[in-house]
Amino acid sequence: MKAAVLYEPESPFVIEDVTLQEPGPGEVLIQMVASGVCHSDWHVVTGATQHPLPVVLGHEGAGIVETVGEGVTRVEPGDHVILNWAPDCGECFYCLHGKPNLCEAFLGPVWAGTMLDGTTRLSVDGETVYHFSGLATFAEQAVVPEQTCVSIRKDAPLKAASLVGCAVTTGVCVTTNTVQVRPGDSVVVYGCGGVGLNVLQGAVLCGAETIIAVDRAPAKMDLAKEFGATDTLMAGDDTVEAIKDLTGGRGADYAFEAIGIPAVQEGALEAVRPGGTLVLAGLAPMGTSTNFPGAILVRQEKNVVGSYYGTANTRRDFPMILDLYMAGKLRLDELISREYTLDEINEAYEAMLSGQVARGVIVFE
Ligand SMILES: NC(=O)c1ccc[n+]([C@@H]2O[C@H](COP(=O)([O-])OP(=O)(O)OC[C@H]3O[C@@H](n4cnc5c(N)ncnc54)[C@H](O)[C@@H]3O)[C@@H](O)[C@H]2O)c1
Ligand SMILES: [Zn+2]
Ligand SMILES: [Zn+2]
């Protein structure tokens, strides 16, 4: 089968004929239908996220179950599935405390780039190739642990559904699960990519009144308005003052950072009112620090929280998000600015990096 392989940091994806083994016990073979082009894969390309190489990246995908390995009970051939990049066990401390997004059971193999038994199913000319997030969706087919499979309604288009695998869930659920935005609240969102645009539509869903979008790409100003921004700002030195002007001089109830740059995260705290909350969803490079002034956090009771996968419970939230989309309450088709074939993956990432697209999606035959 064809897959996009990353051999070295800072190098282009290479389209290769990759050997994929049959699914082992507890594993599922998926015929991929669509895979979103998320910035988190790009962090592996730049080295901001460290991962064993060579690797097949891609973690925002949907497809159809082709075959299942021994003992699989969650899905059967023919099921439509969205893949969960943070598989949960249902039994560990975090799963039992309502935080399956923080499940610790599979972190070892997932970050080692293998299946749960510590081995891979991918190779090129006999050489091992690793799986990103246990998924590796930049490929025509994927073998994945059954714990990553969430079955969905069959009348939902799988192209739109693929985006629920990361950007939509991360963006929408950060406003509903990580924090609870309330009717009348003021919200500012830094970064209007796949994640940030979904924070905007999450804020609309929650009834926020003032919804301010900040980005450095001019093309994102109109896009942000389409997804619910009441005001848009080009990133710059006077952003904090402009946000205060739009929020009664106080600052926003919530600021969401959906880029992953420590300096932007630090600036975003200034845009939050006393007693308000800064939510960090962007992934800053591993090993970097963000510096927040403790003196201000205390005296102004500002809160800072991180959000991983929107604090989602994917088995509950993927189908719920899809239902909202099918009912016309979330815009997923409009997120897909461009479709690409797998061969066009390098072009797809160029478009993401230059801020031209809401989301690019790789569509498989
Ligand atoms: N927390 C999670 O679970 C989670 C899930 C998915 C993605 N992420 C992370 O969220 C971030 C966003 O992902 P994405 O796929 O939406 O990326 P993206 O590239 O589609 O969007 C990023 C946006 O930020 C803008 N931007 C970049 N630098 C800027 C700056 N200095 N000031 C203002 N705007 C700037 C870009 O123009 C772009 O619109 C990434 O770091 C990604 O790894 C986190
Ligand atoms: Zn668990
Ligand atoms: Zn992602």
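1. In which strand does Cys149 lie? In this predicted model, Cys149 is found in strand S11, which covers residues 149-151. Because a residue is called buried when 20 or more other C-beta atoms lie within 10 Å of its own, Cys149, with 25 C-beta neighbours inside that distance, counts as buried.

2. Apart from neighbours within four places in sequence, Cys149 is in contact with Val28, Arg74, Val75, Val81, Leu83 and Val144. Of these contacts, Arg74 is 75 residues away from Cys149 in sequence, while the C-alpha atoms of the two are 7.5 Å apart in space.

3. One open sheet is built from six strands in the order S2-S1-S5-S9-S8-S3, and its pairing is mixed. Its edges are formed by strand S2 (14-17) and strand S3 (19-20), each of which pairs on one side only. Within this sheet, strand S8 (residues 122-124) pairs with strand S9 (residues 127-131) in the antiparallel sense, over three bridges, and Ser123 has Thr128 in S9 as its bridge partner.

4. Inside the parallel sheet, strand S12 (residues 186-190) and strand S15 (residues 252-257) run parallel and are joined by four bridges. One pairing to look for is that of Val187, whose bridge partner in S15 is Tyr254.

5. The largest nonpolar core has 114 residues, and those with the most contacts inside it are Val56, Val189 and Leu200. Helix H6 (residues 194-206) supplies the largest share of this core, namely seven residues. Since domain 1 (2-151 + 332-363) and domain 2 (168-308) both give residues to the core, it lies between them. In soluble globular proteins, nonpolar side chains tend to be buried together.

6. Val56 deserves a separate look. Not counting residues up to four places away in sequence, Val56 touches Ala3, Ala4, Val5, Val18, Leu122, Val129, His131, Phe132, Ala136, Phe138 and Ala139.

Definitions and conventions
Residues numbered from 1 in each chain as written. Chains lettered and ligands numbered in written order. Predicted model: local features only at pLDDT ≥ 70, side-chain atom pairs only at ≥ 80, totals over all residues. Pairing = 2+ DSSP bridges. Helix = DSSP H or I, 4+ residues; strand = E, 2+ residues; numbered from the N terminus. Buried ≥ 20, exposed ≤ 12 C-beta atoms within 10 Å, placed from the backbone. Contact = placed C-beta atoms within 7 Å. Core = buried A, V, L, I, M, F, W, Y, C linked by C-beta atoms within 7 Å. Domains from an automatic or database assignment.
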